[in-house]
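Trainee: Could you take a close look at one part for me and walk me through how it is put together and what it touches?

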Amino acid sequence: MILDELRLILAEVTRRPELADAPADAPLFGTGIGLDSLSGTLLLREIAHRCGVDVAAEDINLDALASLATLAAFVQARSPTADLG
Amino acid sequence: MTAARQQASRPAAGTVIKCVAWDIDNTLLAGTFIESGTWPPADPEMAAALAELGSRGIVHAIATRNPPAAASYAAQATGARFVAVEAGWGRKSAAIGRILADLGISADALAFVDDDPYERAEVSFALPDVLVLSPEDMTDALGWPEFSPAVITDEARRRSELYLDRKRRQAAERGFGGSRDDFLRYCRTEISIDPASEADVARLHELSVRTHQFNSAGRGATEAAFHAMIGAPGQEVVTVRLRDRFGDDGIVGGCVTEHGEDGIWTVRLLMMSCRAMGRGVIDALLAWLIRSAAGHGARTLEVPSALNARNVPLRLALAAAAFRAPGAGPDPTAAGAADAQPADVNADQGGKSAGGRQVVYRRSLAGPLPELPGWLTGPAGSPRAEPADSLPAGPADSPQASIADGQGARRDP
C-alpha cells in the first residue's frame, strides 16, 4: 500500500519511528505530525525518488500535503510504479 | 585543464561557490600520502589558495581515497580548516554528494579540485552542476567571479566556524530523544527580529545573492536597493538573527514588507540562509509577519514568490503557515507537468525572475493566528505585546524570551 510506504518515509525523514503508525487523516502541518520545510523537503525528495512523482512540481499549493491520505491519493493517481492493488 | 570553466551546464550568472572540496594526493599535498612512509609537505600554491578562499568566506572540504588520518595530516600541513571530510574508497561523486548533504548546499555552490582526470570526469558526469577543476586551474580561478564575493561580511569570515557549530548541533540532535521543539529549547535557540539599519545592508545583499532554497524573489537585490528600502515610507526591512548554545549565526535572514493602504501587506522579499534550515527560523518569521500585519489591521498578507525547482523549502514553509496561491496550476517548467493550466501569474515587479515564473501566495488574517514560538524576540515597544510573565512556563532550559506582537518595527508612512 502506498499509504504504508508514505508512513515509513515520514518516520524516516522526521526520525520519529512512531509516525510509522500515524493516522491517515492527521494533518501533516501544524501540531501533531508537525512537518516543517526541512522534513517536508526530505519527504518530497524521497517520494520523487521512490514513487516517481514530483509533488512540488505538480501541486503549487502543496495541498496534497494536507494529510497522509490526501498525499497517498495524489501519489497513487500519478505514480507510474504505484501498487494499485 | 583551463577549459573547465566553459562547462555548458554552469548557470550563467550569480552563482557563487560556497565550498571547495579537495583531493589530497598530488593536490593538497606535493606527493602521495602513505600511511607508514614519509609524509609529503603541503603544495604551497594550494595552501595559499586555501587561505585566500577562506578569507573570502568560502569553506573547504576533503574528498580523498585515503584513510581519515590523511585528512588530519592535510589539515595540519596546509593550516586550513575543513568543515567536511570524506575519506574512503567509494566513488568521489558519492563523497561529494555526502558533503553537499552535510552542508545543506546545492551542487552548483561547490567546486571540486583533483589532479586525477579520471576522478574529475567521474564527478563531472555524475554531478554536472559541480565546478570541476584541476590544481593548475586554481591560480586563475581565484580571479573568477564564482570565487569573488563582492562583499565579505562578518558572517562570511566566520563561515567555517558556523559550519562546525552546525556539525556539533547535528550530532547532538541525532542523540536527542524529544521533539524538534524540545530540541530547539534544549539548544537555547534565540531568534531575534529587528528593524534593519544601514550597517546591515552588506549582509542583506549577500543573503539576497546566496540564498536559493528560501528566497521568494529568485534573484538578488543590490546594496543600493536595500539602502533605498530602509526607511522608505510604507516599507519595513527587518533582519533575523539566530543563536544558540552551539554558536552565534548572526544575521541568517531578512524580509522587506510593503504596507498597502488597502489592508494588504506585501512581502516583497523573504530570504533565509539554508544553514538555518530546520531550526524554526522561517516558521517563526512567517508567524511574526502574520501577527504583525494582523495587529496593524491588515486583512491579507501576500508573498509574491518565484517558482523554481530550488525554493521548494520556502513553498513548504508558506503552505505550513496556511498561505495559498489561488488558482495556481502545476509548474509548467517542471518535467511531467506539460498539461499545465494558466495560473495566477503576477507580473514580475521590475525584472524577470531567474528560471521560473511567479505566483502570489496569500493568507487571510481573519481567524486564528499562529502562535509565536517562545524563542522569538520581536522588536520592542509593541503596544500590544503580551507581558512575558503571562506565558506558560517552558522547561528549565528554555531561553529567556520576550514575546512581542512585532509592531514596534513598523515605519508608519
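Mentor: In chain B, 69% of the contacts with a separation of 6 or more are between residues 24 or more positions apart; a contact here means two C-beta atoms, placed from the backbone, within 7 Å. Keep in mind that this is a predicted model, where local features need pLDDT of at least 70, side-chain atom pairs count only at pLDDT 80 or more, and totals for chains, interfaces and linings use all residues. Residues are numbered from 1 along each chain as its sequence is written, while chains are lettered from A and ligands numbered from 1 in the order in which they are written.

Of the 413 residues in chain B, 46% are buried (20 or more other C-beta atoms within 10 Å of the residue's own, C-beta atoms again placed from the backbone). Chain B has 12 strands and 13 helices (DSSP runs, E of at least two residues for strands, H or I of at least four for helices, numbered from the N terminus).

Where they meet, domain 1 of chain B puts in 5 residues and domain 2 of chain B puts in 8. On the domain 1 side, that's 3 polar, 2 nonpolar and no charged residues (nonpolar being Ala, Val, Leu, Ile, Met, Phe, Trp, Tyr, Cys and Pro, charged being Asp, Glu, Lys and Arg, and polar the others, Gly among them).

Chain B also touches chain A, with 24 residues from chain B and 17 from chain A. On the chain A side, α2(A) gives the most, 5 residues.

Key
A residue is buried if 20 or more other C-beta atoms lie within 10 Å of its own, exposed if 12 or fewer, and partly exposed in between; C-beta atoms are placed from the backbone.
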